[in-house]
Amino acid sequence: MTFVPFPARSIGRIDWTLPEAATFVVKSGWTATRTTGDLGGVRAGWTAKVVIVPQTILQLETWRGWMAAMRGVVGTTTVGATEVAQSTLTGNVTVDGAGQVGAALATAGWPAGVVALHAGQLASVGGRLFVVTAIATSDAAGKAVLALFPALTTAPAAGAAVEFRNPACTMALTNPQLGWSVAPGRIYTPATFVLEEAL
């Protein structure tokens, strides 16, 4: 796979979709009761629908170059999941220990005794994006356990960076055909496209 930097310009909006949890529901036709279950893991990763605003030819050239460099569904790119930094905390936060899989991640490098992340904030490790599902508070040693969705299915390396200020997701195109439209007055609009997490 080829990595292509994402051109974070002229974006109208990005519609993010959470990974689909591997769950099920069975509804009784007789009693109208519901039975649910969680199979663990996810069926699909994050998706991001990217809508680009109308622009000049010079702005379009950036997107056109990116489209060509992605080579359809082969290339990968990293898309920031927040518009601005979601935290003002300092520190180099890392994965605290090897072999961690599941819905909790031990981390180190936080300032001591602070709320590290709130429920609903995002974090990324090695290009994977996660939602923090419970408040995480660091201890006196600067360690905190993050409750995450989706669960880690592959263990990140001990010491791997945890991005909590500007988390991002490594993604690939879902459709190899990209293009743009031209309106009177030489106004160019790249076609809306969808990216999916490159798992």
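A residue is called buried when its relative accessible area is under 20%, exposed when that area is over 50%, and partly exposed in between, with a 1.4 Å probe and protein chains only. The model is predicted, so local features need pLDDT of at least 70 and side-chain atom pairs count only at pLDDT 80 or more, while totals for chains, interfaces and linings use all residues. Residues are numbered from 1 along each chain as its sequence is written, and side-chain values use heavy atoms, with hydrogens and water left out.

**Exercise 1. Locate Arg186 and Arg71, and decide whether each is buried or exposed.**

Step 1: Helices (H or I, at least four residues) and strands (E, at least two) are DSSP runs, numbered from the N terminus. With these elements in hand, Arg186 is placed in the loop between strand E15 (180-183) and strand E16 (187-190), and Arg71 in the loop between helix H1 (57-70) and E5.

Step 2: Arg186 has a relative accessible area of 66% and is therefore exposed; Arg71, at 63% relative accessibility, also counts as exposed.

Step 3: Look at the backbone as well, where Arg186 has a positive phi of about 55° although it is not a glycine, and Arg71, again not a glycine, has a positive phi of about 50°.

**Exercise 2. Work out the strand order of the open sheet of 5 strands, and name its edge strands.**

Step 1: Two strands count as paired if DSSP finds at least two bridges between them. On that basis the order is E1-E4-E17-E14-E5, with antiparallel pairing.

Step 2: Strand E1 (11-17) and strand E5 (77-80) each pair on one side only, which makes them the edge strands.

Step 3: Follow the pairing of E1, which is joined by 6 bridges to strand E4 (residues 47-52), the two running antiparallel. Within this pairing, Trp16 stands opposite Ala48 in E4.

**Exercise 3. Classify the ring pairs Trp16 with Trp46 and Trp63 with Phe193.**

Step 1: Rings of Phe, Tyr and Trp (its six-membered ring) pair if their centres lie within 6.5 Å; planes under 30 degrees apart count as stacked, over 60 as edge-to-face and the rest as tilted. By this rule there are 7 aromatic pairs.

Step 2: The ring centres of Trp16 and Trp46 are 6.0 Å apart and the planes stand at 85°, so this pair is edge-to-face. It links distant parts of the chain, with Trp16 in strand E1 and Trp46 in the loop between strand E3 (34-44) and E4, 30 residues apart. Trp16 is partly exposed at 26%, whereas Trp46 is buried at 4%.

Step 3: For Trp63 and Phe193 the centres are 5.9 Å apart and the planes are at 55°, so the pair is tilted. Here too distant parts of the chain are linked, since Trp63 belongs to helix H1 and Phe193 to strand E17 (residues 193-197), 130 residues apart. Trp63 is buried at 0% relative accessibility, and Phe193 is buried at 3%.

Step 4: Ring pairs also link Phe6, Trp63, Trp66 and Phe193 into a cluster.

**Exercise 4. Find which peptide bond ending at Pro150 is cis, and where Pro150 lies.**

Step 1: The bond from Phe149 to Pro150 is cis, with omega near -5°.

Step 2: Pro150 lies in strand E12 (residues 143-152).
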